[in-house]
Amino acid sequence: MNKTIDCFLPYASAEQVKATVEGLKESPLTAKIYLLATDPEAKAVDGCELIHIDALNSSATMKKIAAAASAPYILLYTKYNNLVMGYFALDRFVRLAQDSKAGMVYADSYTVVEGKKANSPVIDYQFGSLRDDFNFGSVLFFNTADFKAAAAGIDKEYTAAGLYDLRLRLSRIAPIVHINEYLYSDVTVDNRKSGEKIFDYVDPKNRGVQIEMEQACTAHLKEIGGYLEPKFTEIDFNKGNFEYEASVIIPVRNRIRTIRDAIKSVLSQKTDFPFNLIVIDNHSTDGTTEAIDEFKDDPRLVHIVPERDDLGIGGCWNAGVQHPKCGKFAVQLDSDDVYADENTLAKMVKAFYDQKCAMVVGTYELTDIDKNPIPPGVIDHKEWTPENGRNNALRINGLGAPRAFYTPMLREIHVPNTSYGEDYALGLAFSRHHQIGRVYDVVYLCRRWEDNSDASLDVVKMNNNNLYKDRIRTWELQARVDMNKGK
């Protein structure tokens with residue numbers, strides 16, 4: 001298996017790539033090493049060939065890699081760090097790429113931060129793994145023939161979405177396979193907690209990137225038969241008899257620090273229609289139950305303690321929505337958060353009628369526990385457009401807040417009994433047939449604090465969350481493909 005891998009490394013300086021280059025040269029499998037440089041003044045390193053590129057992830061760069069590669073396999077390193085391959089790791093990459101007939105393989109790795117090594121496992125790729133931020137690790141190992149075939153099909157030039165576009169094209173040619181073995185180490189420079197990273201994809205400064213990613217994903221959906229045209233089933237808002245026009249639903253367990261704020265936020269709403277608040281108290285033990293009871297003199301409060309003890313957030317939502325006092329529209333408020341002002345509920349309900357939709361997604365602002373704005377600030381989820389929102393929903397990792405639903409439909413669909421991703425599953429299910437309405441005013445304050453469920457997750461929990469959302473996408477995407485086929 002001598003000289004079977006061409007290696008491509010991001011290049012900022014000779015010092016930056018020195019250790020990685022020396023390590024790769026030690027393997028008899030390494031054929032050529034190419035340095036991908038965005039600096040037009042960059043000079044080649046001994047034993048390496050220089051390729052000038054416009055951007056690491058651009059379509060033009062993918063084409064240049066395809067043109068340069070001549071060995072049977074391509075190793076593309078995607079970080080400006082020190083890559084240390086494991087013992088016989090390159091042999092393992094080659095062998096499993098051959099055995100699996102994969103177009104691309106990727107592996108678990110070790111991350112080294114300030115000299116400390118930690119496990120960095122990744123998850124399996126599947127049909128619905130359409131997120132552009134899917135974590136493959138920093139080493140992508142391609143079958144060169146498949147890479148060239150995917151690159152040859154590129155028909156749109158992207159600056160940021162080129163690698164993403166190529167990956168989607170490649171997935172239509174050959175499998176993408178996860179090697180659940182630790183095959184390399186990578187020194188990282190991003191030391192933020194998970195809760196500080198999860199909003200990167202909607203950071204306003206990345207809007208141009210998001211547009212490119214949406215275009216690439218939409219083209220892929222059209223190729224595989226999963227694209228839905230902007231044609232929607234009309235909504236009949238006259239189903240059922242409702243005492244209340246709207247109900248705010250708050251599932252809660254052990255949120256003594258925040259539940260009073262949430263309740264006050266709802267009861268202070270000003271509307272020209274009757275509304276109530278349904279709090280599903282999931283067997284709290286920290287005084288939350290007693291805090292809710294402080295508001296029992298307000299007839300608008302419905303305090304439910306479920307008989308079941310197996311309910312997640314989704315199960316609590318079902319308990320609230322199925323309650324006979326639930327209004328025509330069910331509007332979300334997490335027990336950590338508050339509405340932006342006294343007009344939130346009126347704006348959300350108005351959007352249903354104005355936009356003739358089955359579900360409404362609002363706009364929120366990130367704040368600390370004291371409601372002070374924190375970066376990246378306003379999250380408006382502009383990817384939820386009437387024209388393409390339900391297709392782009394398969395790519396993004398969240399829906400925005402607050403979320404509101406037409407209750408008769410929600411009672412039919414039911415909320416998955418989970419405590420993560422249940423809202424995302426609903427959004428995909430609703431959008432398969434119906435329009436998703438949008439409110440672009442800031443109507444919700446999403447408060448980040450140390451007890452948030454996603455404030456600082458370990459890698460195993462993050463992987464479990466992402467795997468579940470990818471499965472939701474896979475199920476939904478398969479349903480859409482079948483629907484388009486007339487099944």
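Phenylalanine 329 and phenylalanine 352 are both buried. They belong to a predicted model. Phenylalanine 329 has a relative accessibility of 0%. Buried means under 20% relative accessible area, so phenylalanine 329 counts as buried.

The two rings also pair. The centres of phenylalanine 329 and phenylalanine 352 are 4.2 Å apart, and their planes meet at 25°. Planes under 30 degrees apart count as stacked, so this pair is stacked. Phenylalanine 329 is in strand β13, and phenylalanine 352 is in helix α11 (residues 344-355). The pair therefore ties together parts that are 23 residues apart in sequence.

## An edge-to-face partner

The whole structure holds 20 aromatic pairs. One of them joins phenylalanine 237 and phenylalanine 329. Their centres are 5.7 Å apart, with 70° between the planes, and the pair is edge-to-face.

This pair links distant parts of the chain, 92 residues apart. Phenylalanine 237 sits in the loop between α7 (207-224) and β10 (246-252). Phenylalanine 329 is in strand β13 (residues 329-332). Phenylalanine 237 is buried too, at 11% relative accessible area.

## The aromatic cluster

Which residues form one aromatic cluster? They are Phe237, Phe329, Phe352, Tyr353 and Tyr406.

## Charges over rings

Lysines meet aromatic rings as well. Lysine 222 lies over the face of tyrosine 227, 4.8 Å from the ring centre. Lysine 469 places its charged end over the ring of tyrosine 424, at 5.2 Å from the centre.

Terms used: Residues are numbered from 1 along each chain as its sequence is written. This is a predicted model: local features need pLDDT of at least 70, side-chain atom pairs count only at pLDDT 80 or more; totals for chains, interfaces and linings use all residues. Side-chain values use heavy atoms; hydrogens and water are left out. Rings of Phe, Tyr and Trp (its six-membered ring) pair if their centres lie within 6.5 Å; planes under 30 degrees apart count as stacked, over 60 as edge-to-face and the rest as tilted. Helices (H or I, at least four residues) and strands (E, at least two) are DSSP runs, numbered from the N terminus. Buried means under 20% relative accessible area, exposed over 50%, partly exposed in between (1.4 Å probe, protein chains only). A charge sits over a ring if NZ of Lys or CZ of Arg is within 6 Å of the ring centre and within 35 degrees of the ring normal.
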